[in-house]
Amino acid sequence: MAKKSLMGNVKKFKQTNTPRQSEEVARLRVIQGPDTGTIFILSGSKALIGRGEENDIVISDLKASRTHAELSKSSSGTWFIRDLGSANSVLRNGVRVTNVELNQNDLITMGGTILEFIPSDAGTMRLTAPPPNIEEINAKHSSMLAQTQQLKAFGENKKLLLVGGIVAAAVIWLFIDDTGSQKKRLKKNEEQRDLASYLPTAVSHDAVRSAEMFFKIGFREYNSGNYLRAKLQFETALQVSSDHKLATIYLQNCGKRIEEEIKFHLDNGKKSLDAGKLKEAKGHFETVMRLLYKDQSSPSYIEAKEHMTKVMKEMKGES
C-alpha cells in the first residue's frame, strides 16, 4: 500500500520495482541510507525533502535537516534541486550544489541518504531496473575527482613547459646572434625561422574549452542513459583534444553500456517474438538496429534485421 504525503503530491512505495503510476511526473529512489529501497513518486511540480513530518518527502535520516531541500519543475519541464540552508549541504553526483538542474539518474545526497532521480520520460526498463551499486558509484566519483586533479596538474605542467621553452628559445637566439661564424653557416630559411618554432607544441586554450564543452554534453547524455549520443560527444571531444583523459574513459564505458543494451534488446526481442508479442519484439529489434546503424556488418545487427523481417511478415499476416 502506498503512503501519501501531507500535500498529496507524493506517494511512498516500499517496492523497488514499482511500475509507472498514472499521474507520475518523476520519482526518487533511495539507494543508500535508512530508507534504502523506498520509492517516492511525485505527481506535482514541487516537493519539500527533509526529516520533518511536514515535508512531502520524509527521510528517516538524522543527518538530514528538518527541511533540507526543494525539488521543483520549471515551466520548461526542467527539474531542479535547491538547498534550503541545510546543515550538511546537498550534493549532486558527489559535488556540493545550492540550486542546480537535474538529469535522469543524477544522484542527490542529503546527510547519509542518497536518492536517484528518475523523470517521468524515462523508459519503463529504467523505472524498474535494479538500483546502481553504491560502491561502484563512490569509486566512480573518486576516479572522476582524481582524473580532474590529474588534468589540472597536466595543465600546470604545460604552462611550466611553455615558459621553459620560451627561455630556451631566447638563449638559443642570443647565442646564434653573438656567434658570427655560426650565423654564416645557417641556411637562409633557418635565419628567417620564427622564434615560435623553438617552443614546445601545446594545445590551444580554445581547443581545451571546446573539448570540455563536448565532454560535459556527453557526460550529461551518459547519465541520462543516452549512450549513443554520449559516445558521439566523447569522440568529438577527443578529436578536438586527444589527451582528454575523462573523455577516453567514458568513451570506453559507452562501448560497454551499448553492448549491454544490444544484448538486452536482442534477447528480449527474441523472447517477445516467441511469445507472439510482435509489437514488443519490433521495438527491441529496432533499438538494436539503431544502436548498430554504423556497423551493419555486425552479427547482432544482421540477426536483428532477420528477426525484424520475420516480425513484419507476421504483422502483415495478422492485419
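On this tour, buried means under 20% relative accessible area, exposed means over 50%, and partly exposed is in between (1.4 Å probe, protein chains only). Keep in mind that this is a predicted model, where local features need pLDDT of at least 70, side-chain atom pairs count only at pLDDT 80 or more, and totals for chains, interfaces and linings use all residues. Residues are numbered from 1 along each chain as its sequence is written, and side-chain values use heavy atoms, with hydrogens and water left out.

First stop: select Ser65, in the loop between strand S6 (57-58) and strand S7 (69-73). Helices (H or I, at least four residues) and strands (E, at least two) are DSSP runs, numbered from the N terminus. Is Ser65 buried or exposed? Its relative accessibility is 13%, so Ser65 counts as buried. Leaving aside residues up to four places away in sequence, Ser65 touches Gly50, Arg51, Ser86 and Ala87 (contact means heavy atoms within 4.5 Å).

Next, select strand S3, residues 26-32: six of its seven residues are buried, so the rest of the structure largely encloses it. Which strands does S3 pair with? Two strands pair if DSSP finds at least two bridges between them. S3 pairs antiparallel with S4 (residues 39-42) over four bridges, and Arg29 sits opposite Ile39 there. In the hairpin of S3 and S4, six residues lie between the strands, and Gly33 has a positive phi near 120°. S3 also runs antiparallel to S13 (residues 113-119), joined by six bridges; Gln32 has Ile114 of S13 as its bridge partner.

Last stop: helix H6, residues 227-240. Its buried residues include Tyr227, Phe234 and Leu238.

Notes: Expected span 1.5 Å × (residues − 1).
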